[in-house]
Amino acid sequence: MDWMGIGVLLIGIAFVVLVILLIKPLNKAADLLEGLQETTDRLPDVVDDVSAQATDMLQTSNATLDQVNNQVHSLNPFFHIVGDTGKAARSLTLSALEKTNLLKVQTASAMEYSKQEKYEGLYGILSFLFFLSQRRKEMKEIAEISPEK
């Protein structure tokens with residue numbers, strides 16, 4: 001044999017050894033590709049199932065939102081009633097506050113009057129009440145003279 005034949009023979013032996021060594025990894029790669037093929041074959045069914053479940057979930061959430069909206073609509077008049085009650089209570093409180101401030105002003109001037117005249121004890125209380133009744137009469141006269149708001 002000549003040198004070229006020996007070289008081709010060595011290359012052939014090396015190729016056979018390489019094929020023997022690569023048989024096991026190539027078989028594993030083939031198994032892996034088969035598993036991948038099975039998975040991709042099942043993928044459309046899985047996507048359909050997930051889509052169906054998502055559709056069901058969205059329909060359920062829409063129904064729940066409709067129920068919540070209906071309940072809020074049924075509670076809306078109650079919120080208006082509570083708001084109106086709050087406004088009425090505020091109006092009543094402001095009215096009471098105005099009357100209290102007016103009484104405070106009237107009482108302050110009566111206290112000043114009783115201090116000026118140096119009234120004390122029972123006589124001071126009686127003069128204080130008399131002064132308040134006089135002020136009330138004056139306020140009624142002023143209210144009758146002035147036009148209504």
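The model is predicted: local features need pLDDT of at least 70, side-chain atom pairs count only at pLDDT 80 or more, and totals for chains, interfaces and linings use all residues. Residues are numbered from 1 along each chain as its sequence is written, and side-chain values use heavy atoms, with hydrogens and water left out.

The protein chain contains two helices and zero strands (DSSP runs numbered from the N terminus: H or I of at least four residues for helices, E of at least two for strands). Of its 149 residues, 5% count as buried, that is, under 20% relative accessible area with a 1.4 Å probe, protein chains only.

Both α1 (3-116) and α2 (121-145) supply at least two residues each to the lining of the largest pocket. The largest share of this lining, seven residues, comes from α2.

Notes. Buried means under 20% relative accessible area, exposed over 50%, partly exposed in between (1.4 Å probe, protein chains only).
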